[in-house]
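Here are some notes to read alongside the structure.

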Amino acid sequence: MININEVIETNSMIEQMNLDVRTITLGISLLDCIDPDLEACKDKIYQKITTLAKDLVFTGQEIEKEFGIPIVNKRISITPIAIVGSAACKKPEDYVELAKTLDRAAKTVGVNFIGGYSAIVSKGMTESDRIFMESIPEALKVTDRICSSVNVGSTKTGLNMDAVRKMGDIIKQTAELTKEQDSLGCAKLVVLCNAPDDNPFMAGAFHGVSEAEAIINVGVSGPGVVKKALESCHGADFGTMCETVKKTAFKITRVGQLVAREASKRLGIPFGIVDLSLAPTPAVGDSIAEIFQEMGLERAGAPGTTAALALLNDQVKKGGVMASSYVGGLSGAFIPVSEDQGMIDAVSDGALTSEKLEAMTCVCSVGLDMIAIPGDTKPETISGIIADEMAIGMINQKTTAARLIPVIGKTVGESAEFGGLLGYAPIMPVNSFSCDEFVNRGGRIPAPIHSFKN
């Protein structure tokens, strides 16, 4: 039973601490849209999305008004398009036509993004997968609301290094084609290992083939709430601090589950999961880095940062599963550079390097997220960075991601402007020593020994 004190506390979290529901994401299966005729496939996709999602934005707005809970984004995730388009698409331009159809559907129903312009190639690539991947740069150039992802590895299958190497080229091509916008296309493209089927957060969202016909997933965010709660823990021991984070995560998850179940009821679509991820924004007071400072670190990146992040991530998950039986997606703490003012400041001050960020990804929810690098970085170097991050996910049995943005025409000391929730990012240096021979070997890095559990 919710009492008046909980209502007052929730209002305070919303009004003073930047608590919001980051996204209601409607997952839609497009498996029944597969058709060997491209025009028929496009029509089926458009009709299904605009039918199932026609009330999504309105419903989100009504819940916002009635409950006073900000819902920042309304989004859609779909079955990976490399699967849906495999029968109809014979060349990259065919997949681009599907991307345009998705973009048109997104604009018709008014959602912020559609995720699922994606491929799952963790063990190997079909010819259709290769054609799809080659379509990504042009698709992200000619659309506004499409997000793309490619899963190149998993703990069970190992790493598809052919796909890792190819993604280095794809990212560089995407950067070139969108260079007039500080290579913005790369901000909507992520490479994943162990990608979950139910992630509501972009750019890695897609509706996995194990999911139902349609599902409502909600992503909640609350770094500001956690920071405020920790202000009461000055001088306290780690046990006290952990309990504070856990209890705060519980309250945040309760808000997310309320919104998810209400949206599910009103839309007549089953509730899937709440993703409790502390996803920061450029707003002051809504920063993961500021949580670290509240814990006692001078800056994000100082010695102890990885331990602080491990503590934070674990307690967020523990609090979440106390509040809901259906916590899923990624759930934990994101550490993007561009979307977090505290992280931006830490990079600018020299406290946080790409190598320290990589170490932190061993214990965070995702990985190297929204990392702007010099525009002249070689594709092979990009592939090497991706390989390192994917290996962390494979060995540690967790989701990892790399969203790297080689900003064409810019170098270290400059910054890239992305706007909105994406914010801006300082250009970070990358190791200049070559990994060309390594990433060009081809083939597959085998699954680790601890993957064999059957």
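1. Is Phe 132 buried or exposed? In this predicted model, Phe 132 has a relative accessibility of 0%, and because buried means under 20% relative accessible area, it counts as buried.

2. Let us turn to the aromatic rings. Searching the whole structure gives 4 aromatic pairs. One of them brings together Tyr 95 and Phe 132 in an edge-to-face arrangement, with 5.3 Å centre to centre and 80° between the planes. This pair links distant parts of the chain, as Tyr 95 belongs to helix 5 (residues 92-109) and Phe 132 to helix 6 (residues 127-142), 37 residues apart. Tyr 95 is buried as well, its relative accessible area being 0%.

3. Another edge-to-face pair is made by Phe 201 and Phe 334, where the centres are 5.2 Å apart and the angle between the planes is 75°. Here too the pair links distant parts of the chain, 133 residues apart: Phe 201 lies in the loop between strand 6 (189-193) and strand 7 (214-221), and Phe 334 in the loop between strand 9 (332-333) and helix 12 (341-348). Phe 201 is buried at 4% relative accessible area, and Phe 334 is buried at 8%.

4. Tyr 95 and Phe 132 also belong to a cluster, in which ring pairs link them with Tyr 117. Elsewhere, look for a charge over a ring: the charged end of Arg 104 sits over the ring of Tyr 46, 4.1 Å from the ring centre.

5. Now for strand 4 (residues 146-154), which is mostly covered, with 9 of its 9 residues buried. Strand 4 pairs in the parallel sense with strand 3 (residues 113-120), over 6 bridges. Within this pairing, Ser 149 in strand 4 stands opposite Ser 118. Between strand 3 and strand 4 the chain passes through helix 6, giving a right-handed β-α-β crossover.

6. Which residue of strand 6 is the bridge partner of Ser 149? That partner is Val 190. Strand 4 and strand 6 run parallel and are joined by 5 bridges.

7. Finally, follow strand 4 into strand 5 (residues 158-160): these two run antiparallel, with 2 bridges between them. Leu 159 in strand 5 is the bridge partner of Gly 153.

Methods: Residues numbered from 1 in each chain as written. Predicted model: local features only at pLDDT ≥ 70, side-chain atom pairs only at ≥ 80, totals over all residues. Heavy atoms only, no water. Phe/Tyr/Trp six-rings, centres within 6.5 Å; stacked < 30°, edge-to-face > 60°. Helix = DSSP H or I, 4+ residues; strand = E, 2+ residues; numbered from the N terminus. Buried < 20%, exposed > 50% of the residue type's maximum accessible area, 1.4 Å probe, protein only. Lys NZ or Arg CZ within 6 Å of the ring centre and 35° of its normal. Pairing = 2+ DSSP bridges. Right-handed = clockwise from strand over helix to strand, strands pointing away.
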